[in-house]
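Subject: Structure for you to look through

Dear colleague,

Here is the structure I promised to hand over, and below it is an account of what was found in it. Please keep the model open while you read.

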Amino acid sequence: NEMNAVRPIQSRVPYDDYRSIAALNISLLKEISTSPLHFQHARLHPKQSKPLTLGTAAHTATLEPERFAADYAIWGRRTDSGKLAPRTGKAWDAFLVDVGGKTVITEDECSLALGMAHAVRNDPIARKYIETGDPEVTLLWDLDGRPCKGRMDWLTRVDGQPVLVGLKSARDVTHYKFAAAAARYGYHLQWAWYFDGFVTATGDTPRLVEIVVESEAPHAVIVYAIPEDVIEQGRDEYRQHLETLERCERLNEWPGPAETEQVLSLPSWVY
């Protein structure tokens, strides 16, 4: 049983090992909000590699700084005019051989990742959550007979209570801007999924906080406590998605976003 590939809660499971666990995660489940067709395509054709983003580098630099130098290589070769050299040609090929399997980022990306990490680690509120704990925590649990999994950024304890800690970068970390982004990208479903998974896997009730850092200087940091009503909203939505999934599986029908002919209307601002 692939659910037994790792323990119900375990830190530092390699990403490829986590991805190979045959269980439903919230990123896949959220695809059904577009349509069951999109969900089924994503399930049958999973992405073959982890997205390489500035946020991923910032995560490593912040939560696992000892891994940053080991996992990332900096491409800083310049042309005669001082511009960053293109990542092609003999010099690039030789560089890839030298760095082995490391993830390549540019000098600017490295500077931003380290800047974000420094800002988070020196923020007095964020620091109390990340000064001790474990990164990249994999959760496995069973929901109504369906194997489920999740991968949390950080797990710690504060005043004796477990705290699930998320770390996100954003262009604007202020309250209403980040709340709008959370609603748009379905972060509340993710928070509810992790909360419920942790309770099921451990029997313990956690707190949730999200550390949000600006992706550009000056890298302002705000720590948001995730309240019960936000978790309940996320739970309601992901359970609705599960009901849709169960219906589609039962009927073996995977409709797209619209099953009938649609009448086009333009945005109101046009008129």
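The protein has 11 helices and eight strands, where helices (H or I, at least four residues) and strands (E, at least two) are DSSP runs numbered from the N terminus. Please keep in mind that this is a predicted model, in which local features need pLDDT of at least 70 and side-chain atom pairs count only at pLDDT 80 or more, while totals for chains, interfaces and linings use all residues. Residues are numbered from 1 along each chain as its sequence is written, and side-chain values use heavy atoms, with hydrogens and water left out.

Taken along the principal axes, the C-alpha atoms fill a box of roughly 60 × 55 × 50 Å. Of the 271 residues in the protein, 42% are buried, a word that stands for under 20% relative accessible area, with exposed meaning over 50% and partly exposed in between (1.4 Å probe, protein chains only). The protein exposes about 15700 Å², of which carbon and sulfur atoms supply 51%; these accessible areas come from the Shrake-Rupley method with a 1.4 Å probe, and for residues only the protein chains shown count as cover.

Now to the sheet. Six strands form an open sheet with mixed pairing, in the order β1-β4-β5-β6-β7-β8, and two strands are said to pair if DSSP finds at least two bridges between them. At the edges lie β1 (9-11) and β8 (221-225), each of which pairs on one side only. Strands β4 (residues 134-143) and β5 (residues 146-158) run antiparallel and are joined by nine bridges; Leu139, for example, has Gly150 in β5 as its bridge partner. Helix α4 (residues 54-63) packs on this sheet and touches β4, β5 and β6 (161-170), and its direction makes about 135 degrees with that of β6. Contact here means heavy atoms within 4.5 Å, and the angle, on a scale from 0 to 180 degrees, lies between the N-to-C directions of axes, which are lines fitted to C-alpha atoms, for helices over the stretch in contact.

Among the helices, α10 (residues 187-202) has 16 residues and reaches 22 Å from its first C-alpha to its last, close to the 22 Å expected at 1.5 Å a residue, the expected span being 1.5 Å times one less than the number of residues. Because 12 of its 16 residues are buried, α10 is largely enclosed by the rest of the structure; these buried residues include Trp191, Trp193 and Phe195. Just after α10, Gly203 takes a positive phi of about 80 degrees.

Helix α11 (residues 228-251) has 24 residues, which should span 34 Å, and its end C-alpha atoms are 35 Å apart, which agrees. Its buried residues, among them Tyr238, His241 and Cys248, have cover that includes α2 (26-29), α3 (36-44), β4, β5, α10 and β7 (207-214). Just after α11, Asn252 takes a positive phi of about 55 degrees.

How many disulfides are there, if a disulfide is a pair of cysteine sulfur atoms within 2.5 Å? By this rule the count comes to zero. Cys148 is in no disulfide, and its nearest cysteine sulfur, that of Cys248, is 17 Å away. Cys148 is buried, with a relative accessible area of 0%, and Cys248 is also buried, with a relative accessible area of 5%.

With best wishes

Conventions
A disulfide is a pair of cysteine sulfur atoms within 2.5 Å.
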